[in-house]
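Please look over the sequence and the model below before reading on.

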Amino acid sequence: MKKVLNVGGNSKAIPLPPAYTGYEHLLLDIDPTGQPDICCDARLLSTLDAGQFDAIYCSHNLEHYYHHDVKKVLAGFRHVIKDSGFVHLRVPDVGAVMKAAVERGLDIEDVLYQSSLGPITVMDVLYGYGKQIESSGVEFFAHKTGFTPKSLSQALVAAGFGHIYCTSGNLEVTAWAFKGTPDPEVCKAFNLALPKVAAEPLPA
């Protein structure tokens with residue numbers, strides 16, 4: 001069975017995207033409250049055994065690290081996935097948030113959108129969900145950096161990922177980064193175009 005490591009996912013009760021049906025779901029989190037399979041700071045992933053996982057799913061967690069630590073986290077991701085593995089990232093799109101705030105004339109404490117948790121302000125997206133940070137007293141819930149499609153792609157390239165797909169929508173950047181050549185089955189599952197392969201030369 002393929003294995004996916006859910007980094008910073010809080011709880012295994014939160015479902016993964018349907019494309020991970022059939023994968024063994026392992027949770028890594030710095031907070032032991034959610035009973036993670038691996039209780040670890042993602043900046044220390046490089047200390048774990050290499051090549052354990054087929055995929056890493058990391059949803060709205062990478063922005064919780066300082067900018068200079070992002071490269072440590074991404075290096076750890078690359079370390080623990082197999083040569084055929086991939087990383088699936090979701091982060092707020094700071095560029096889209098800034099554009100929406102300007103176009104709609106929003107101040108930093110104005111509501112940007114409504115969620116299942118209630119109203120989300122511009123400040124919540126940029127700096128972390130204020131109510132959660134206040135009620136928990138856990139500063140790790142604060143956002144310490146931000147991304148656009150361009151900056152996230154550049155960070156993944158710098159981390160050594162060879163094939164990167166990056167999209168943006170609904171104030172969110174989603175990226176898939178492959179350690180090696182993308183698996184056609186994975187590309188199909190996530191509706192990603194297969195990489196172009198140069199045609200072989202015709203025989204003389």
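Which backbone nitrogen does a side-chain oxygen of Asp-93 reach at the start of H2? At that point, the side-chain oxygen of Asp-93 comes to within 3.2 Å of the backbone nitrogen of Gly-95.

This is a predicted model, in which local features need pLDDT of at least 70 and side-chain atom pairs count only at pLDDT 80 or more, while totals for chains, interfaces and linings use all residues. Residues are numbered from 1 along each chain as its sequence is written, and side-chain values use heavy atoms, with hydrogens and water left out.

**Helix H2**

Helices (H or I, at least four residues) and strands (E, at least two) are DSSP runs, numbered from the N terminus. Helix H2 spans residues 94-103, and within it Val-94, Val-97, Ala-100 and Ala-101 are buried, where buried means under 20% relative accessible area, exposed over 50%, and partly exposed in between (1.4 Å probe, protein chains only). These residues lie on the same side of H2 because they cover an arc of only 125 degrees around the axis, the arc being that of the directions from the helix axis to the C-beta atoms. The cover over the buried residues of H2 includes S5, strand S6 (111-115) and helix H3 (122-127), with contact meaning heavy atoms within 4.5 Å. On the face of H2 turned away from the buried side are the exposed residues Lys-99, Val-102 and Glu-103. Just after H2, Gly-105 takes a positive phi of about 65 degrees.

**Salt bridges**

Side chains of opposite charge can pair when their charged atoms come close. A salt bridge is a side-chain nitrogen of Lys or Arg within 4 Å of a carboxyl oxygen of Asp or Glu, and by this rule the count comes to eight salt bridges. The table gives some of them.

| Pair | Closest N and O atoms |
|---|---|
| Arg-43 and Asp-41 | 2.6 Å |
| Asp-54 and Lys-82 | 3.3 Å |
| Lys-72 and Asp-69 | 3.2 Å |

Asp-54 is buried at 12% relative accessibility, whereas Lys-82 is partly exposed at 33%.

Lys-72 and Asp-69 are three residues apart in helix H1 (residues 67-80), so they are separated by about one helical turn. Salt bridges that share partners join Asp-41, Arg-43, Asp-69 and Lys-72 into one network.

Terms used
Polar contact = N/O pair within 3.5 Å; in protein donor to acceptor, adjacent residues only side chain to side chain.
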